[in-house]
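I opened my notebook to record what I looked up, entry by entry, with the sequence and the model side by side.

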Amino acid sequence: MTNTKTTFPALPMETTIDGRERLCGIEIEFAGPTEMETGNLIADTFGGTVKDGGDHSVTVCDTPFGDIEVELDISLRKREDLPFVKEGLDAFRGLIPVEVVTPPLSRTQLEEFNTICTSLRKIDAMGSRSGVFLGFGVHVNPEVVAPDHRFTLDTITAYAMLEPWLREKEQVDATRRMMPFVGAWPKALISDLANTRYDSLADLMRMAAKHIHSRNQSLDLLPLFKHAEPDLFADLFDIDDKTAARPTFHFRLPDSRIDEADWSLLQPWQLWRQVELIAANDDLLSALCAAWKIHDAAWFERASVWVQTIDTLIEDHNARADV
């Protein structure tokens with residue numbers, strides 16, 4: 001998905017239902033620099049003040065983007081079942097990623113923040129392809145138009161149709177496939193979405209609760225579900241992980257390739273934009289759903305055949321993001 005353009009192309013729906021620009025938060029994981037070294041780099045690059053929060057976390061306050069958090073991956077720090085948590089985190093630096101978490105950014109801000117990738121490479125940040133055990137990622141958190149908007153519901157279906165193709169195009173690192181953060185959507189969930197066009201997020205949630213039992217999905221819908229329907233969420237999802245309610249998708253499929261010279265945040269942005277381009281194209285989305293039903297009914301059809309079907313349909317509808 002390498003793209004030589006220097007600007008971030010617009011998403012097909014640029015504003016929320018109330019006319020505001022849709023914002024997008026970013027999370028980048030890597031090894032090498034410490035939290036403090038990374039915080040100082042961000043402050044030197046963009047301005048701001050670094051405050052040590054203790055517990056392996058710092059906050060870069062008052063940057064042009066707002067406050068930026070830098071921490072050892074909080075999801076691993078709080079896992080009591082992992083031996084390196086009990087033994088001490090410092091001894092296992094390099095296996096536990098440092099994570100940079102931005103506030104919601106405009107597209108212009110995202111392009112400006114993208115320059116941090118070059119700066120991180122200069123202080124030897126390592127991505128997921130630098131070692132066998134480096135299962136790191138980049139998370140993209142695009143704001144939804146509105147929870148019940150037709151485009152939001154179609155985006156969920158578009159992602160279901162596209163996930164195997166995204167994995168193939170991204171060539172998701174084998175280590176990350178074994179980590180508990182990039183699980184593929186269950187086939188039954190994909191089939192339910194292909195067979196039914198849901199008219200409300202609540203109805204879609206009731207269906208999804210039959211298939212989703214963890215936040216460890218390549219597209220985590222639970223923050224959106226909790227934001228949109230908190231009472232229904234509490235009734236449907238008995239999940240121990242603390243889920244913060246947010247009006248966003250949480251796309252966590254892309255590898256962190258921070259140490260590759262030709263990589264930038266444009267790559268995961270384009271992956272997500274591909275999903276939304278399909279959601280915005282009724283004919284293409286319908287064609288994909290129809291094709292999935294045929295693929296799903298075939299007993300022995302290989303996954304690679306479905307990926308090729310997706311590729312062909314995207315080409316036929318002139319809907320490729322990276323052109």
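Which residues of α13 are buried? I began with this helix, keeping in mind that the model is a predicted one, and I found that Leu284, Leu285, Leu288, Cys289, Ala291, Trp292 and His295 are buried in α13. When I looked for what covers these buried residues, I noted that the cover includes α6 (150-170), α8, α12 (266-279) and α14 (303-316). I also recalled that an α-helix has 3.6 residues a turn, so residues three or four places apart point the same way.

I then checked the length of α13, which runs over residues 282-297.

Next I looked up the chain as a whole, which has 14 helices and eight strands. Of its 323 residues, 53% count as buried, and of the contacts with a separation of 6 or more, 75% are between residues 24 or more positions apart.

My next entry concerns α8 (residues 187-195) and α9 (residues 201-208), whose axes come within 10 Å and cross at roughly 150°. I recorded the crossing of this pair as right-handed. On the α8 side the residues are Leu189, Asp192 and Leu193, and they meet Leu204, Met207 and Ala208 in α9. Sorted by kind, the residues of this contact divide into five nonpolar, no polar and one charged.

I turned to the strands after that, and to β6 (residues 138-142), where five of its five residues are buried. In a regular strand the side chains alternate between the two faces of the sheet. In β6 both faces are covered, with Val138, Val140 and Pro142 buried on one side and His139 and Asn141 buried on the other.

What does β6 pair with, and in which sense? I found that β1 (residues 24-30) and β6 pair in the antiparallel sense, over five bridges. In this pairing, I noted, glutamate 27 stands opposite histidine 139 of β6.

Is glutamate 143 buried or exposed? Its relative accessibility is 10%, and because buried means under 20%, glutamate 143 counts as buried. Leaving out residues up to four places away in sequence, I listed what glutamate 143 touches: Thr16, Arg20, Glu21, Arg22, Leu23, Pro247 and Thr248.

Histidine 227, which I looked up next, is found in α10 (residues 222-228). With a relative accessible area of 35%, histidine 227 is partly exposed. Not counting residues up to four places away in sequence, histidine 227 touches Pro147, Ala245, Arg246 and Pro247. I took the separation from proline 147 as well: histidine 227 and proline 147 are 80 residues apart in sequence, and their C-alpha atoms are 8.5 Å apart in space. Reading the two lists together, I saw that Pro247 is named both for glutamate 143 and for histidine 227.

My last entry is serine 119, which lies in α5 (residues 116-122). Serine 119 has a relative accessible area of 15% and is therefore buried. Leaving aside its neighbours within four places in sequence, I found serine 119 in contact with Leu41 and Thr45.

Conventions: Residues numbered from 1 in each chain as written. Predicted model: local features only at pLDDT ≥ 70, side-chain atom pairs only at ≥ 80, totals over all residues. Heavy atoms only, no water. Axes fitted to C-alpha atoms, helices over the stretch in contact; angles between N-to-C directions. Helix = DSSP H or I, 4+ residues; strand = E, 2+ residues; numbered from the N terminus. Left-handed = near helix turned anticlockwise from the far one by under 90°. Contact = heavy atoms within 4.5 Å. Nonpolar A, V, L, I, M, F, W, Y, C, P; charged D, E, K, R; others polar. Buried < 20%, exposed > 50% of the residue type's maximum accessible area, 1.4 Å probe, protein only. Pairing = 2+ DSSP bridges. Expected span 1.5 Å × (residues − 1).
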